[in-house]
Amino acid sequence: MDDIALRAERVSKVFGQSRVLDDVSFELRRGEVLCLAGENGCGKSTLIKILNGVYTPEAGATFSFGNADAVSRITPHDARALGIHVIWQDLALFPHLSVAENIVFDDYVASPFRPLSRRAARHQAREVIERLGVPLDPDTRVEDLSIARRQLVAICRVLRAGARIVFMDEPTASLTRNEVQTLLEITRSLSAQGISIVFVSHRLSEVLAVCQRVTVLRNGTLVGTYSTEGMTQTRLSQLMTGRELTLTPRQAACTGEPVLELRNLSRTGEFEEVSLTLHRGEILGLTGLLGAGRTELAHVLFGMNRPTGGELLKNGKPLTLRSNRDAIRNGIAYVSEDRLHLGLVQNQSINMNTAVTVLDELEKPRGFLSPRRLRELTARWIQRLGTKVSDAELAVSSLSGGNQQRIVLAKWLATQPDVLILDCPTVGVDVGAKAGIFEIIRQLADEGMSIILISDEAGEIWMNSDRVVVLKAGRISRELTPNATTEASLEEIINA
Amino acid sequence: MRRLHLGTEGVLAAIIVALCLVLGVTTDTFLTTQNLFDLLNNQSVNMIFAVGLVVVLIAGGIDISFAVAASVVQYVVMTLLMDHMGGGNWWFGILLSMAVGSLLGLVNAFLIHRFRIVSIIVTIGTFNLYFGLLMVFTGGVSIYDVPDWLYYSVPLIDLPASRGSATLYLPVAVMVVMSLATGFILTRTGFGRAIYGFGSSPEAARRSGVRVGVIHAFAYGWLGLCAGVAGLMQAHIVQEVVPNALIGQELPILAAVVLGGATLGGGRGSVTGALLGVLLLAVVQNGLNLLGVTPYAFRMIVGFIILVAITCSNLDKLLPRRAIPKEARQ
């Protein structure tokens, strides 16, 4: 059969005691878009690394490409010769070099001593850019581009290297809706050119939109490969997690007293004249495209930046925040977007990460840190949030994404805030863990905490908010209640 | 967000031209061929150091051992030439200096690459090691007995001037050759671009198949080579070899190179920038000298210039953003 680009059979991989891949088969057709789905730790990345020649599989595996003879492993050299490329989530680009130089960089490595001309590089880069039909200027430095554009550069680069099979690892994780649409279209046009694409994503709606088939892994074993025709998100998440996930839209009506009031709050160049009221026990969804001012607004509410106009009222009294310490003291907590870098100190213990916001409290009355009270505090929050922790003295980096997110939450809940701002709390978190996080958020709101939930996923905003505010280019463009709208129409409003 | 696009080199060049004009008006000696030639003669050694150092900075490393390495080269080369080779000649002297210099640089590269030690720590180590060895073996004694070819200065261009004549000497030509060679490697070969790539994102470079060991070896080896040449030129200019003549030069040169647009983070910098950085500090110093400012104030003013320049190059990050980025509005 010559329409098979890559077939792998009986692939297993053992690391120490644990078998991370067990007898997995994988088949990729020429020019197809296939999704590799599964929860974190299901063996997806291990499989990709084996197919890309980074890891050697256990004996017994076979790999075949089109009509060529089967081999028992793929070396990095084979992978390159066969045109197998991976676009990792971090893209592996060179920020200080120009777009053109990034695209032709592999030539530099292949023939380091051939004198080169900038004009030739620019010309070659422009060729690939035009073939892909994307708006890239070959002379811009990559550091000046948005993440979405950088991704296009990474795609151009593998195209130029003659890619036949491209793995894309979480390509949409930091893109806005429109950018995702562009990427999905590009994916389709690549597949029309006969390039096979393996798409790894936690966003199931995208998976279903772009892929023809989906291969599901769970705990290192193959669940199966299914056609996306007739597949639903619910069914797919069941296959991935092996259990039923039920979450119904939130129906609470908010009648609590105002906790936080924003009156014409502005910060020049970021957002303008934002007025809104947050009530007790309310989940306020704050959405809009990336760059619409969501995170910037959150930074001002958390005292990290000063507003340039308007006022802020807490419990009816004017509030001026000089720093985020002020905000914490006034019961405002902010869970940042980039939890891996900004939210946690990865190599510190789970205990210390949980307690870092309340170290002052734990030092009372004598000014010495009490290890016993610290342990008690951590244990309480770990239990409360249902975090899976074997030993709280271990580094926080030993936890999975979902559990790390819970530790970030715990650290801020320990400050006993009455306003909690959550900035994209589910980025990079898999389906099962997402549901768990929203369960916690809802429970907190039911207990009277006021929550601002920032996200660009219309689905999760619609499902979990009492009220939704849509920002557009720094201004409030719509305010609505999920009850009175549908998920699809909310999505349209965000992207309008 | 970028305003007038001059680049660091353009800005530096503009500042230097402006300074020269001011000094030309305020003093009657600055804008003379003689003074400008002297400036180049005197700065050629620093400039050779600087073009070597910029390679290391672009590759994301740092080296502070190069100035004492140059002193070591001077001693080793002089001793070998005088005691074992009967004096040698220019070509032989330069090649030997390059060889010994790059060997010392390769020691740094080996330690950094093989033992994964941060470059600043390695070079603090070799800085002390080289200087210590030098003092122990020489007992701090200078060499005055240098070969004849090294002793007599080599004039290249001789122009009549108001007092005597203005002469450009050999070290300037050597500096130009080293700069052109470094510039060619960095901008006109794939290998040079790979050095930028490695400095910009080591992990991305590794994944692209860049051989990290080779990059390290070249960057530190090339700086060593430049340091060897600079050492020989310095000995040629002062007609003697003094063990502590060059120690202490490393930080001002590092500052000049950073002024020229290189960063300690890697991926940025250019030969032109490095040269202009050295030139700016030299012009300032020369100008202050001619204006009769006390030499004690030099360092203070140089420090001030470095801080102001670096702050200015960071202004983009410090000022609040003026407009909502275009892409969000689309």
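## Contact between chains A and B

In this predicted model, 27 residues of chain B are in contact with 27 residues of chain A. On the chain B side, helix H8 (190-200), helix H9 (202-207) and helix H15 (326-329) each supply at least two residues. H8(B) gives the most, with seven residues. By class, the side of chain B that touches chain A has 10 nonpolar, eight polar and nine charged residues.

## Annotated transmembrane regions of chain B

The unreviewed UniProt entry annotates residues 12-33, 45-70, 90-111, 118-144, 168-191, 212-233, 245-264 and 296-315 of chain B as "transmembrane region". Residues 90-111 of chain B are 100% helix and 0% strand, with the end C-alpha atoms 32 Å apart. For residues 212-233 of chain B, the end C-alpha atoms are likewise 32 Å apart, and the span is 100% helix and 0% strand.

## Helix H10 of chain B and its partners

Helix H4 (residues 90-114) and helix H10 (residues 212-238) of chain B have axes that come within 6 Å and cross at roughly 140°. The crossing of H4(B) with H10(B) is right-handed. Their contact has 16 nonpolar, 13 polar and no charged residues.

H10(B) also meets helix H3 (residues 66-84) of chain B, where the axes come within 8 Å and cross at roughly 60°. H3(B) and H10(B) are therefore oblique to each other, and H3(B) passes H10(B) in a right-handed crossing. H3(B) contributes Phe66(B), Ala69(B), Ala70(B), Ser71(B), Val73(B), Gln74(B) and Val77(B) to the contact. From H10(B) come Leu223(B), Gly224(B), Ala227(B), Gly228(B), Ala230(B), Gly231(B), Leu232(B), Gln234(B) and Ala235(B). The contact of H3(B) with H10(B) comprises 10 nonpolar and six polar residues, with no charged ones.

## A four-stranded sheet in chain A

Chain A holds an open sheet of four strands, ordered E11-E10-E13-E14, with antiparallel pairing. Strand E11 (271-279) and strand E14 (317-318) of chain A stand at the edges; each has a single partner strand, so one side of each is left without a neighbour in the sheet.

Strand E10 (residues 258-267) and strand E13 (residues 309-314) of chain A run antiparallel and are joined by five bridges. Across this pairing, Leu260(A) stands opposite Lys314(A) in E13(A).

Definitions and conventions:
Residues numbered from 1 in each chain as written. Chains lettered and ligands numbered in written order. Predicted model: local features only at pLDDT ≥ 70, side-chain atom pairs only at ≥ 80, totals over all residues. Axes fitted to C-alpha atoms, helices over the stretch in contact; angles between N-to-C directions. Left-handed = near helix turned anticlockwise from the far one by under 90°. Nonpolar A, V, L, I, M, F, W, Y, C, P; charged D, E, K, R; others polar. Parallel < 35°, antiparallel > 145°, perpendicular 65-115°, else oblique. Contact = placed C-beta atoms within 7 Å. UniProt positions renumbered as here; feature names shortened; annotations may be inferred. Pairing = 2+ DSSP bridges.
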